Amino acid sequence: NNMADVVMMGENSHPNNAPAAAAPGKKTIEQTYQKKTQLEHILLRPDTYIGSTEQVTQPMFVLNAETKRIHSKDVTYTPGLYKI
């Protein structure tokens, strides 16, 4: 085997069937795409299914139980948990 033979064979037909070394800073296919179960995917990316898991503070109208009146108040909540 000389260098010309290896270049002509390409990555997919490497004599040892080993994946070719990735260029520095470039991800391999195995690093980019990973097989996951449904549970692993849900736990890894919950925002895809339920929305954001980061807390948000927004002005909302709330009922004051003592005065029985509605007033504006800043409320902090997690949108993903609000949907559940």
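Predicted model: local features only at pLDDT ≥ 70, side-chain atom pairs only at ≥ 80, totals over all residues.

**Entry 1: the chain as a whole**

I began with contacts, meaning heavy atoms within 4.5 Å. Among those in the chain between residues at least 6 apart in sequence, 21% join residues at least 24 apart.

Residues are numbered from 1 along each chain as its sequence is written, and side-chain values use heavy atoms, with hydrogens and water left out.

Next I looked up pLDDT, the predictor's confidence in each residue, from 0 to 100. The chain has a mean of 78, and 73% of its residues reach 70 or more.

Then I listed the secondary structure, with helices (H or I, at least four residues) and strands (E, at least two) taken as DSSP runs and numbered from the N terminus. I found 5 helices and 2 strands. Read from the N terminus on, the order is α-α-α-α-β-β-α.

For burial I used relative accessible area: buried is under 20%, exposed is over 50%, and partly exposed is in between (1.4 Å probe, protein chains only). Buried residues come to 4% of the 84 in the chain. The chain exposes about 8,000 Å², by the Shrake-Rupley method with a 1.4 Å probe, where for residues only the protein chains shown count as cover. Carbon and sulfur atoms supply 55% of that area.

**Entry 2: the hairpin**

In which sense do E1 and E2 pair? I found them antiparallel, over 9 bridges; two strands pair if DSSP finds at least two bridges between them. Together they form a hairpin with 4 residues between the strands.

I wrote down two of the facing positions. Val 62 stands opposite His 71 in E2, and Asn 64 stands opposite Arg 69 in E2.

Why do I call Lys 68 exposed? Because its relative accessible area is 67%.

I also followed Lys 73, which lies in strand E2. I logged Lys 73 as partly exposed because its relative accessible area is 45%. Beyond its neighbours within four places in sequence, Lys 73 is in contact with Gln 58, Pro 59, Met 60 and Val 62. From Lys 73 to Gln 58 is 15 residues in sequence and 8.2 Å in space, C-alpha to C-alpha.

**Entry 3: a nonpolar patch**

Which residues make the nonpolar surface patch of about 410 Å²? I get Phe 61, Leu 63 and Ile 70. Like charges are joined within 9 Å, and nonpolar side chains (Val, Leu, Ile, Met, Phe, Trp, Tyr) within 5 Å.

I checked Leu 63 on its own: this residue is in strand E1, and counts as exposed because its relative accessible area is 60%.

Last, I turned to Thr 78, in the loop between E2 and helix H5 (79-83). Is Thr 78 buried or exposed? I have it as buried, because its relative accessible area is 16%. Not counting residues up to four places away in sequence, Thr 78 touches Ser 52, Thr 53, Glu 54 and Gln 55.

I then looked from the other side. Ser 52 lies in the loop between H4 and E1, and is partly exposed because its relative accessibility is 31%. With the same exclusion of residues up to four places away, Ser 52 touches Asp 47, Thr 78, Pro 79 and Gly 80. The C-alpha atoms of Ser 52 and Gly 80 are separated by 5.2 Å, though the residues are 28 apart along the chain.

Glu 54 is found in the loop between helix H4 (47-50) and E1. I put Glu 54 down as exposed because its relative accessibility is 56%. Beyond four places in sequence, Glu 54 is in contact with Tyr 77, Thr 78 and Pro 79.

Notes
Patch = residues over 30% accessible without salt bridge, like charges linked within 9 Å, V, L, I, M, F, W, Y side chains within 5 Å. Salt bridge = Lys/Arg side-chain N within 4 Å of Asp/Glu carboxyl O.
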